[in-house]
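Please consider the following structure together with its sequence.

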Amino acid sequence: MSDKAGRDRKKARSAVVLFAIAGGMVGLSFASVPLYRAFCQATGYGGTPRTENVTAPTTITDRRVTVQFDANVNPELPWRFKPVQRSVDVRLGEETLIHYTATNLSDRPLTGTATFNVSPDAAAQYFSKIQCFCFTEQTLAPGQEVSMPVLFYVDPAIAADADARDISTITLSYTFYRTNGDDKNNANSAGVAARSARGGNG
Amino acid sequence: MAYATTAGHGEHDDHHPTGWRRWIYSTNHKDIGTMYIILSLVAALIGGVMSWMIRLELAEPGIQFFDNTQFYNVLVTAHGFLMVFFVVMPAMIGGFGNWFVPLMIGAPDMAFPRMNNISFWLTAAGLTLLVSSAFVGEGPGTGWTVYPPLSSIAYHPGAAVDFGILALHLAGAGSILGAINLIVTVFNMRAPGMTLHRMPLFVWAILVTAFLLLLALPVLAGALTMLLTDRNFGTSFYAVSGGGDPLLWQHLFWFFGHPEVYIIILPAFGIISQIISTFSKKPVFGYLGMAYAMCAIGFVGFIVWAHHMYTSGIGTNARAYFTVATMIIAVPTGIKIFSWLATMWGGSIDFKAPMMFALGFLWLFVIGGVTGVVLANAGIDFVMHDTYYVVAHFHYVMAIAAIFAMFGAYYYWIGKMSGRQYSERLAQIQFWIFFIGVNVLFFPQHFLGLGGMPRRIPDYPDAFAGWNMVSSVGAAITMVGTLMFYYIIWHTFRYGKTAEANPWGEGATTLEWTVPSPAPFHTHEELPVIGAGDHGHGPLHGGVQPAE
C-alpha cells in the first residue's frame, strides 16, 4: 500500500502544479489590463499619446507638421463640443496651446469624461501632451460654456523614426462621454486621481 | 510478450452501481465518456437544426423567415457556441479522451474519478444555461466572439448575454478540470514500459490538447469575468467611455480563441493517426515527428492570435509579424499531412468506414488549410475579412474536418464501446451522403466570399442568389447524412453484430483492442507491461499482444 500512497502523492503534486498554472493564467488575464495600458502608453500602440512624465521639450527644429483637431460627443451627452481652431502648423518640439470649447445644451448640470486618441498610430508616441483634459470629469451647468486647453508638442525624435518620419499631418481626437452618476458631487476631481482609481480595477 | 502482472490496484472493488446512480454518480471513465458522447449527440442535433434554419433563410435573397433579425443573430451565436463547446470538445476530449486514454496507456481509470464526474456535470449545466440563454430577453446576438461594444449592456440590455457568459464559465471550468485530470493520468498512470515516446498518437494529441485547455481557458474565464463586471457592476475594462479599450477584449478573446481552434482539431489529428495506421496495417510514418509536430502546433497556436484582428487597427509591424507566424503553422501541419500520406503509401489499405472518414478528413483539412494560408496574409485578409470566404475556410478546416474525425472515431470504436459492430453498408452510404453534402454546402461559400458576401447577415443582394441556393441544397443533403448517422446508431444497438475484441485485425495494435468488447466496467486492473521493443502504436514495432 505504500506504493499506492506514493503514487497518490505524485498525482496530487501534479494536480497542484496544474491548478496553479490555471490560476496563474487567470491572474495573467487580469494583469493584462494594466500591462496593456502601460504597453500602449509606452509604444503609442492604438494611437495612445504620451501624457505621463511629459516634460517641456528641449530642442525645437525647423521641420513643421500640421496638427488637426477632432471633437466628438456621445449622443447620450447633450453637449456641443468643438475645437476653437481646426488645425495648427507647428514646429517639432514647439510647445503649443490650443483650446476646445464645450457647451451644455441641456437644462440640467451634466458631467462628461473625454477619451482621446492620436492618428496615425505611428505618430502617437511622439505626441506629448503636457497639460490636457484627458479623463478629467467635467461638470457643466445648464447652458454653461467652458474653454478646455491642451498644451502639447510633437517630439523632434519623430524625424528619426523610419515608420513615422514621413507623417506630415497628425490628428488629435477627443470624444466626450456622459459620466455615470451625474448627481455625484465630486465632479472636476483631478484627472490623475480618476485614472489611478480606474487602474485599481485591473 | 504476454502480460506481466503488477500488483497494486486492488483498491477497485467489484461494486457495480446500477440504475440512475450508475450515471449520475459515475466515477467510471467509460460511463462518463459515454455520457459526454451522448451530450454531444444531443447538442449536435440542436446546433445542426440551427444551422439548417440559417441555410433555409439564406436559400433565397430577401427575408423569408426571420422578421426578427435579432433571432437570426441568436441562432448564429448559439450554433457557434454549441458546436465548439458542447459538440466537438465533449465528444473528442470528454468522450473519446475519457474512454480511450486510460485504455490506451494501460491505466485502470482516470487519475481523479470524482473530478471526472464534476467535469461532466459542469459541462452539462453549461449546456443547459446556454440553451436557455436563447429564451431570455432578446437572446445573445453577439456572435460567438462576443465583441464589445455589441455585447455591452448598451446593446444587449437583457440578461441573455450574462447567461451565455456564465454558461461558458461553467463549461470552461469543467474543461479545465478535465484537462488537469487527463494530464495527471497521462503523466502518472501509464503502465510499466509505456514511456511517453511509446504512447499512441491519440494519447499524445489529447495530452497536448489538455495543455492548451489549461493555458487558454483561464484567459477566457478572466476576459468573460471582466465583460460580466463591465455589464453589471460599472467597471470599464472594455468601455471606452471609462478609459477601457474594446481591443483588449479582442486580444484576450483570441489569445484563447486561436488555441481553441487547435483544441478542436488536435484530438482529430490523433484519431486520424490511429485510424490510418490501423487500416493501412502499418505503423504511423514518422511517429516522433508526428508527436512533436502536435507540440509545435500547440506552441505556435499561442503566438498567432492577432491574425483574427488584422482589420481592427493593429499596426503594420504587428500585421507583418502575425502573417509570418501564422504561415509557420503550415510547416508542422504539412509534416502531419505528408506523414499520413506516407503511412498509407505501400500499405494494404482496407477502405472501411473509419478509413473513408479519415480520407475525407484529409481532403477537407487540406482545402481548409490552403484557404487558411491565403487568409493568413494581412493584405488579402483586408478584402476577405468577415466574408463567406472565412466561413468556408473555418468550416472546412476545423468544423467539418473535426466532425469527420468524430464520425471516423465513432465507427472505429463503437464495437469496443457498445459491444456491437455498425453496419458497414449503411456507414459507407452515410459517408458518401455526408461527404457530398458538406462539399456542396461549403465549397460555393468560397465564391460567395470572394464576391464580397458578408457573414452573419440574413439577407444578401440578388447577385449572390445562385451559389447560396447551391449551398442550401448542400445543407439539405448534409441533413440527410446527419440524421442517417443517428439512425445508424439506433441500428447498431438494435441489429448490430457482436463485436470481437479486435474487429480490425493486425493493423489495430493499441491496448484497447486487447480487452474484450464491450470493454468491461473495470479494465487493466492487472497492469499490462510493455516491453523494451514494443510500441503501443504499430505492429512493426512489436505491438502489444493480447493476454493468453
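The sections below treat the basis of the report, a sheet, salt bridges, a cavity and the backbone.

## Basis of the report

This is a predicted model, in which local features need pLDDT of at least 70 and side-chain atom pairs count only at pLDDT 80 or more, while totals for chains, interfaces and linings use all residues. Residues are numbered from 1 along each chain as its sequence is written, chains are lettered from A and ligands numbered from 1 in the order in which they are written, and side-chain values use heavy atoms, with hydrogens and water left out.

Helices (H or I, at least four residues) and strands (E, at least two) are DSSP runs, numbered from the N terminus.

## The sheet of chain A

In chain A, an open sheet is built from 5 strands in the order E3-E1-E9-E5-E7, with mixed pairing. Its edge strands are E3 (87–91) and E7 (137–140) of chain A, each of which pairs on one side only. On average, neighbouring strands of this sheet are turned by 30° against each other, direction ignored; axes are lines fitted to C-alpha atoms, for helices over the stretch in contact, and angles run from 0 to 180 degrees between N-to-C directions. Two strands are taken to pair if DSSP finds at least two bridges between them.

Strands of a sheet pair through backbone hydrogen bonds, in either a parallel or an antiparallel sense. Strand E5 (residues 110–119) of chain A pairs with E7(A) in the antiparallel sense over 4 bridges. Within this pairing, A:Thr113 has A:Glu137 in E7(A) as its bridge partner.

## Salt bridges

A salt bridge is a side-chain nitrogen of Lys or Arg within 4 Å of a carboxyl oxygen of Asp or Glu. Over all chains, the count by this rule is 6 salt bridges. Accessibility is classed as buried (under 20% relative accessible area), exposed (over 50%) or partly exposed (in between), using a 1.4 Å probe and protein chains only.

Among them is the salt bridge between the side chains of B:Asp31 and B:Arg22, at 2.7 Å from N to O. B:Asp31 is buried at 4% relative accessibility, whereas B:Arg22 is partly exposed at 28%. Another joins the side chains of B:Lys352 and B:Asp350, at 3.1 Å from N to O. B:Lys352 is partly exposed at 25% relative accessibility, and B:Asp350 is partly exposed at 27%. In a further salt bridge, the closest N and O atoms of B:Asp386 and B:Arg455 are 3.4 Å apart. This pair links distant parts of the chain, 69 residues apart: B:Asp386 lies in the loop between helix H12 (378–384) and helix H13 (388–418) of chain B, and B:Arg455 in the loop between helix H14 (424–450) and helix H15 (465–495) of chain B. B:Asp386 is partly exposed, with a relative accessible area of 34%, while B:Arg455 is buried at 15%.

## The largest cavity

On a 1 Å grid over the protein atoms alone, a cavity is a set of points where a 1.4 Å probe fits but cannot get out, and lining residues have an atom within 4 Å of a point. Grid points are joined across faces, edges and corners, and a volume is the space filled by probe spheres set on the points. There are 4 cavities of 30 Å³ or more, and the largest cavity holds about 170 Å³ of space.

The lining of the largest cavity comprises 16 residues, of which B:Tyr36, B:Met89, B:Ile93, B:Gly94 and B:Ser175 lie nearest its centre. Helix H3 (69–105), helix H4 (113–133) and helix H5 (160–188) of chain B each supply at least two lining residues, and H3(B) provides the largest share, 6 residues. By class, this lining has 9 nonpolar, 7 polar and no charged residues; Ala, Val, Leu, Ile, Met, Phe, Trp, Tyr, Cys and Pro count as nonpolar, Asp, Glu, Lys and Arg as charged, and the others, Gly among them, as polar.

## Backbone features

A cis peptide bond, with omega about -5°, joins A:Ser119 and A:Pro120. A:Pro120 lies in the loop between E5 and helix H2 (121–124) of chain A. In chain B, the peptide bond from B:Ser517 to B:Pro518 is also cis, with omega near -10°, and B:Pro518 is placed in the segment after strand E2 (497–498) of chain B.

Positive phi values in residues other than glycine include that of B:Val146, near 50°. B:Val146 is found in the loop between H4 and H5 of chain B and is buried at 5% relative accessibility. B:Arg456, also a residue other than glycine, has a positive phi near 65°. B:Arg456 lies in the loop between H14 and H15 of chain B and is partly exposed, with a relative accessible area of 26%.

Methods:
1 Å grid on protein atoms, 1.4 Å probe; cavity = no way out; pocket = protein on both sides within 12 Å on 5 of 7 lines; lining within 4 Å.
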